[in-house]
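Dear colleague,

Please find the structure below. My notes on what was found in it follow directly after.

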Amino acid sequence: MAQNKLVGPPFLGKRQFFNLFITLLLAVTEAARRSSPAGSWLRMGMLTSDALKGEEAPGCQNLPGLSVGQSRLCQLYTDHMTPVSVGAKQALLECRHQFQHRRWNCSLLDDVNVLGPAINIASRESAFAHALSAAGVTHAVARSCRDGQLQSCGCSRMGRPQDLRKDWVWGGCGDNLEYGYKFTQGFVDVRERERKYKRGTREQGRSLMNLHNNEAGRRAVIKKSRVTCKCHGVSGSCSLITCWQQLPTFREVGDFIREKYDGATEVRVNKRGRLQLGDPRYRVPTANDLVYLEDSPNYCVADPTIGSLGTTGRSCNRTSQDMDGCNLLCCGRGYNTLKTTIRERCNCKFKWCCEVQCKTCIKTIDVHTCK
Amino acid sequence: MPGTILENLSGRKLSVLVAVFLIGQVICFLIGGLTAPAPASTMTILSTACIDPHPENTDPSRWIARDCKQKVELSHRDKIIDKHITAKDIVFVGAMPLGMPRLDFSRWQQNLVGVIQIDLLYEKELKLEPSIELTLNARLFYKNKGDTEWKYYSHAEEKRLMDCSFDYVEDANSEGYPYNCTTVPLFELGSLHHDYYMLNLRLPADKKRNNIGWISDIHLHVIHMNGGFTRVWLSMKAVFFPIILAIMTWFWNRVHILQRTPALLEYMLISLGGTLAFLDLPLEFLTLFFEMPYMLLLGDIRQGIFYAMLLSFWLVFAGEHMLINDQGEKNSLRLYWKHLSAIVIGCTSLLIFDLCERGVQLRNPFYSIWVTPVGTNLALSFIILAGISAGIYFIFLCYMIWNVFRNISIKRAVLPNMSSARRLHYEGIIYRFNFLMLATLICAAITIVSFILSQINEGQHKWDDSMDIELSSALFTGVYGMWNIYICAMLILYAPSHKQWPSDPICGENGEEVEFNRLPTDSSPNEISSLTSFASKAAIE
């Protein structure tokens, strides 16, 4: 019972993705022979948009943070690197939005790991970061498909007639969201599959944990997408009905994964090399839930080794009982209060299109900062 | 006295015939399920927001393509505000299909339905009405392979309603959260004649128009028939069409061999066959060569005529076996005018509704009757009228069928007193009449169930593709084949039989023949159905 049940991926054997699979397989076996690189592919999110623009996408060697398998995929799907970068970027932005009032506030710490050593601890925060980044790429790839930017997704797959009978005009087109899911499955998960770990070791547990959380992130995008249908039969009656997935905004996905973060389950790796509930009294996590191996540090005091900036100097909410309340955020150290007068644009109205009407507000407020 | 084939067919032959029909039915299901793709698919296109270099030029044939010089990212608000862009400068460009020019539309895809989805983000200070009236200035262009320039297809400025709700807490923290808005149907093309299409969409803004928040994206979802499904569908039609024609000829020959004028039921049967043949006529092949935007309308009309005929046939069929027995008036449609008028009213109001919507769409593909209050009321009243007629019709039909069964059960009570030969004969007739009633009921039930199934099947939007059977296509071809087979069966089984009854088969032993001979239908050369005469007798009793 304690086994961590991973439900199989929601899309099974789709012809269009056969080629992608083969490629991934090659990439994995190839990569397994080499060593894993340092740094995170999330560094792609730090690239300026100019670096990826232009006719020629940058060479895969110049992209930061890619593992061996990922650079192989990069060579095969060069045009996908722009959405990967966009996805990483929107994941980082969303992370900061979701954690702006928490002790760990998703601050960017260094150039190699992006989120600093915090990501190396197998904690809830790391689970969240993995899920969110996988979701970011899934979302961005699906969106790019709809933009017509990618060569190989949906119906515009190169070499389409080979595996799609030509006269079966487009009946076998896949959904863009499905494509985004599949690509991310290959691109993000390949890192974890590059190395072989001894069964039951901490490293293997970490790898399993990442895989699980990546899957949860990808599924979050699908979970939050809406199915919309349209009737278009005889006289507009519902004799023919066609449905499609409506891509959610990334904010909705972020909220969903944040909820999953709050309800994440602690697991441990057992001797057979599988994840198992840390406390058997808890519910077995589904493929949509986040899992973690270690408790988080409290992030109260600055500690560069764990990637904690500490909460000293953070502003807090005096009245809130929540995580953003001064009590919790300042870890009981107390807070300073400062009266300040600020001028800011307020009550802004954005109208279609494209004017913004703002008032200037002058407010005198008490700013509370943690000691 | 000769009857129909149904009555004279031995049980063995009947079962062989039914088996053939069933096999045909299974084939129809399998063809759709195994060989055809889903009937229709969608393609979602994220529109590109371009800046119109000459917004003051209102020439409708002026197009802006996706590779326009100036694009705007609507998510970067500050940049846009600095540039002093206004609503009339922004054009949303959507080129169909995605992946053009490598991918182009095929004429097998028949038609194109366009739906747009507008993403709006929440702002605390801007209250959105729950129902927003949008003003859409839409232009449609087309291009074929080898063309460099887009050509004008159509344009219109239309109003649409969009309902938006906000599912989060409405406070300052929710800024940037999305509204949940309904999709907006935009256009319907009756023919997909050209290779590429392109939409230019503007949302002009002033005090009265488009009082909405900041649009972050416009998605265009286009629905097209799948070429593979059209092929399977048309091949089915092309197979059924000659079969139904052959059966009709055979049936009419049979009727004409007889020494009498055809009976009403026979007229109804042959016209039912005719409407089915008209429905089966694979006219859609012509769309591969000619641009025929009226194909959708024509398809609706063909289907409407067929259903009207089928409904009338059921009425007359039940009526002819029920004996509203006035000699002379028996074989005429006039007797059924009350019942048939329900069908006529229902079908006419549906036709008018269809002409109002699809007829106008021939000229303006962006037209929708549901936008203006007057149009909505008009459309609704026609649909309600059709609904009421349908209700009245079914009450009539059920009443008549109930009468038939009542007559039959009265006769059944008398059966034990008859001679054994006569009893077997009547029992056989009753059995076969019930058999056909049952067949009709089963067909109707299957149609309804498959309709519901196809709705559920699509609504769940399956991700699991391990199943190789395309259910919605199977249901489509299956139900279509079923009605074809049903009508073929009717034509065959209700054709007059060659076989003569034994010269004096049953009458003579006892006094029953006296009663029978009193019936005028028996003495006249009415060869339609001994069941009819049997029923008449029951009524006289």
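How many residues does the contact take from chain B and from chain A? The contact (heavy atoms within 4.5 Å) takes 60 residues from chain A and 80 residues from chain B.

Please note that this is a predicted model, in which local features need pLDDT of at least 70 and side-chain atom pairs count only at pLDDT 80 or more, while totals for chains, interfaces and linings use all residues. Residues are numbered from 1 along each chain as its sequence is written, chains are lettered from A in the order in which they are written, and side-chain values use heavy atoms, with hydrogens and water left out.

Between them, chain B and chain A bury about 6000 Å², with 60% of it on carbon and sulfur atoms; buried area is the accessible area (1.4 Å probe) that two parts lose on being put together, summed over both. One salt bridge is counted between the two chains, a term for a side-chain nitrogen of Lys or Arg within 4 Å of a carboxyl oxygen of Asp or Glu. Asp217(B) forms a salt bridge with Arg143(A), and their closest N and O atoms are 2.6 Å apart. On the side of chain B that touches chain A, strand E1 (residues 40-46) of chain B contributes the largest share, seven residues; strands are DSSP runs of at least two residues (E), and helices of at least four (H or I), numbered from the N terminus.

In chain A, Gly217(A) lies in helix H8 (residues 202-224). Leaving aside neighbours within four places in sequence, Gly217(A) is in contact with Ala131(A), Ala135(A) and Ile257(A).

With kind regards
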